[in-house]
Amino acid sequence: MSDILNYLKEHSNSITDTLLRLTKAESPSHTKDLVDKCGQVLGEEFERLVGSSVEMIEKIEVGNQYKFTYGKGGDEGQILVIGHMDTVWDEGALPIRQEGNLLYGPGVFDMKGGLTITLWALKALKETSAQLNKKITFLVTTDEEVGSTHSKEIILKEAEKSSVVFVPESSIGPDGAVKTIRKGAAQFLMKVEGIAAHAGINAWDGASAIEELAYQILDLKKLENRDEGISVNVGVVKGGTRGNVIAKEAVAEIDVRITKKAQAEKITEAILNRPVFVKGTKVEVIGEIDRYPLERTEAVIQLYDELKGIAASHGYDLNEGSSGGASDGNFTSGIGIPTIDGLGPLGDGAHTEKEHVDLSNLPYRAALMAEIIQRYANK
Ligand SMILES: [Zn+2]
């Protein structure tokens, strides 16, 4: 067994304490003062455990962000770990409780567990005097659950300087698979304008926006490709005013998911430039790719192989999987930096009342994070 894993197993109770402290500091995305308090707890934990540079980045509309750095070396080629401290839970909405090895509570799995293992990974690297030839930057943002509007810029700025990005978001399934693919996402709004008319008196003078929208929906579905992982969903439709009126207006909200950056341009073109099916109607579409996919590139496959090797040396098998949902890792992968996600703890139920983490596994996930950081800091 490695020194790092040994150290972390010996400190498993303290690791749980860190997670409890972070979870008790509830931090719903929209409640800045609570998120700021959680940030203070996080900063205190970092100082107590790792004790190197802490930088708070003040924000007005969302909670203050934190940038922690550890180890020597310049910015270029740094190792970047990104996480978020905001949760989807309003204060008091979900009680914290422990049942055996399982800790239930708001954000334990998404992603205070991931913040905890990162803090302890750095602590273990420090305590075992691990050789690191690159700087480690741990960036923690505060609006991931509400679209990362206020953090996208700093994430990209840090990623540009990085050789690799680790994302300790929640893992997949009972054995804690890491995420080597996350789909990219795009949202579009389609507005159809028709010509209103009385449905009985002069039906043929009108042009129905609803009828046009119906054709559009069927035509949009032709852009899907299961084999290539491209999906198109019309999730909201609205239109018309009365049963006896030819509809003047109709709108649809369209959600598109892709698995490769190369798919983005073609599908965006196809959605923005629609053919018109019903004479007399006009179709306008606005929207764009919001996040590029987290792609399973050669570099990501190599990263996964290294993680699998570390896991094997700790006595277990590490699998990989994909997620249809996007994370901040999509931003960093989108600019070509090798990114692996799902490094967080074992658990389940993110965003549901069953959200929990398996405490007994925390030392293993912290060791996995520590050893992959160590390897990439010496490449
Ligand atoms: Zn998350």
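Q: Where does glutamate 144 lie?
A: Glutamate 144 sits in the loop between strand 6 (136–141) and helix 5 (152–160). Helices (H or I, at least four residues) and strands (E, at least two) are DSSP runs, numbered from the N terminus.

Q: What kind of model is this, and how are residues numbered?
A: This is a predicted model, in which local features need pLDDT of at least 70 and side-chain atom pairs count only at pLDDT 80 or more, while totals for chains, interfaces and linings use all residues. Residues are numbered from 1 along each chain as its sequence is written, and side-chain values use heavy atoms, with hydrogens and water left out.

Q: Back to glutamate 144: buried or exposed?
A: Glutamate 144 counts as buried because its relative accessibility is 9%. Buried means under 20% relative accessible area, exposed means over 50%, and partly exposed is in between (1.4 Å probe, protein chains only).

Q: Which residues does glutamate 144 touch?
A: Not counting residues up to four places away in sequence, glutamate 144 touches His84, Asp86, Glu169, Ala326, Ser327 and Asp328. Contact means heavy atoms within 4.5 Å. The side chains of glutamate 144 and histidine 84 are also joined by a polar contact of 3.4 Å. A polar contact is a pair of N or O atoms within 3.5 Å; within protein, one must be able to donate a hydrogen and the other to accept it, and residues adjacent in sequence count only if both atoms are side-chain atoms.

Q: Which residues does the UniProt "active site" annotation cover?
A: In the unreviewed UniProt entry, that annotation covers Asp86 and Glu144. They are spread over 59 residues of sequence but cluster in space, with a largest C-alpha distance of 6.9 Å. Of these residues, Glu144 is included in the lining of the largest cavity. UniProt positions are given in the numbering used here, feature names are shortened, and annotations may be inferred rather than shown by experiment.

Q: What is a cavity here?
A: On a 1 Å grid over the protein atoms alone, a cavity is a set of points where a 1.4 Å probe fits but cannot get out, and lining residues have an atom within 4 Å of a point.

Q: And where is aspartate 86?
A: Aspartate 86 is in the loop between strand 3 (78–84) and strand 4 (97–99). With a relative accessible area of 0%, aspartate 86 is buried. Leaving aside neighbours within four places in sequence, its contacts include Ser27, Asp110, Thr141 and Glu144. The side chain of aspartate 86 also makes a polar contact of 2.7 Å with that of serine 29.

Q: Change of topic: how many helices and strands are there in the protein?
A: The protein has 10 helices and 18 strands. Its C-alpha trace spans about 85 × 45 × 35 Å along the principal axes. Of the 379 residues, 54% are buried.

Q: Which domains does the assignment give?
A: The assignment, which is automatic or from a database, gives domain 1 (3–182 + 293–376) and domain 2 (184–291). Their C-alpha centres lie 39 Å apart. Between them, 14 residues of domain 1 are in contact with eight residues of domain 2.

Q: What does UniProt list for residues 182–271?
A: The unreviewed UniProt entry lists this range as "domain: Peptidase M20 dimerisation".

Q: Which peptide bond is cis?
A: The bond from aspartate 110 to methionine 111 is cis, with omega near -5 degrees. Methionine 111 is placed in helix 4.

Q: What else is in helix 4?
A: Threonine 116 has its place in helix 4 (residues 108–127). At 0% relative accessibility, threonine 116 counts as buried. Setting aside residues up to four places away in sequence, threonine 116 touches Ile15, Thr18, Leu19 and Leu22.

Q: What about the phi of serine 129 and of serine 148?
A: Serine 129 has a positive phi of about 50 degrees although it is not a glycine. Serine 148, not a glycine either, has a positive phi of about 60 degrees.

Q: Are they buried or exposed?
A: Serine 129, in the loop between helix 4 and strand 6, counts as exposed at 61% relative accessibility. Serine 148, in the loop between strand 6 and helix 5, is buried, with a relative accessible area of 0%.

Technical notes. On a 1 Å grid over the protein atoms alone, a cavity is a set of points where a 1.4 Å probe fits but cannot get out, and a pocket is an open set with protein on both sides within 12 Å along at least five of seven lines; lining residues have an atom within 4 Å of a point.
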